[in-house]
Amino acid sequence: MTAGTLAVTGDEAADALVNNDPLALLLAMLLDQQIPMEWAFKSPSRLAERLGGELDAGSIAAMDPADLEATFCTKPALHRFPAAMARRAHELCRHVAENYDGDAGAVWATAASGQELYDRVRALPGYGDEKSMIFLAILAKRFAVRPDGWDGHAGPFADDTPRSVADIDGPEALARVRAWKKEQKAAGRSKQA
């Protein structure tokens with residue numbers, strides 16, 4: 001995987017992990033709901049520390065789900081809903097282990113088209129339609145992963161409007177995304193508007 005240009009957390013080590021480890025990127029995006037983006041994208045680094053220094057889909061999939069829950073719940077918790085998100089992370093790692101031989105980057109590295117990439121991402125446990133569209137935009141904008149047709153499957157997240165984590169490469173960009181989301185919310189519009 002080519003190193004990415006995401007800079008969400010304000011923590012160089014946490015950002016470097018997400019930019020260089022495909023599983024960390026998948027987990028960060030999985031966790032990016034109902035908590036601040038910085039927290040979600042820093043959690044893979046904290047999880048790696050708690051698991052002995054690295055993230056491995058096969059090892060996490062082989063863990064007793066209760067042990068992973070305890071790891072997520074250890075203070076500071078890795079999410080606002082740590083037990084539920086630990087279960088989703090376990091399912092995600094099991095999916096990657098079973099379908100991609102543990103190689104999270106293979107989800108996108110071998111996708112021949114935007115449709116195939118979208119279908120693969122959408123099949124990941126915990127990834128709904130909007131999260132999948134945003135993830136395609138992250139891959140395209142921050143990692144130069146752009147199979148033919150990717151933009152049609154990323155929907156509005158493919159444009160230049162600072163509407164999601166896909167548009168964040170530093171503190172200024174984070175502030176722009178937050179301001180845009182606040183404006184949208186005040187106007188009663190969604191991120192996709």
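R87 and E69 are joined by a salt bridge between their side chains, with an N to O distance of 3.2 Å. R87 belongs to helix α6 (residues 82-100) and E69 to helix α5 (residues 65-73), so this contact ties together parts that are 18 residues apart in sequence. The model is a predicted one.

Both partners fall in the intermediate accessibility class, as their individual values show. R87 is partly exposed, at 40% relative accessibility. E69 is likewise partly exposed, with a relative accessible area of 21%.

## Lys–Asp pair between a helix and a loop

A salt bridge also links K141 to D167, whose closest N and O atoms lie 2.6 Å apart. K141 is located in helix α9 (residues 129-143), while D167 sits in the loop between α10 (150-154) and α11 (171-186); the pair therefore ties together parts that are 26 residues apart in sequence.

K141 and D167 are both buried, which means that each has under 20% relative accessible area.

R163 counts as buried because its relative accessibility, 3%, is under the 20% limit. D159, by contrast, is partly exposed, with a relative accessible area of 28%.

## Salt bridges in the whole structure

Side chains that carry opposite charge can pair when their charged atoms come close. Across the whole structure, a search finds seven salt bridges.

Terms used. Residues numbered from 1 in each chain as written. Predicted model: local features only at pLDDT ≥ 70, side-chain atom pairs only at ≥ 80, totals over all residues. Heavy atoms only, no water. Salt bridge = Lys/Arg side-chain N within 4 Å of Asp/Glu carboxyl O. Helix = DSSP H or I, 4+ residues; strand = E, 2+ residues; numbered from the N terminus. Buried < 20%, exposed > 50% of the residue type's maximum accessible area, 1.4 Å probe, protein only.
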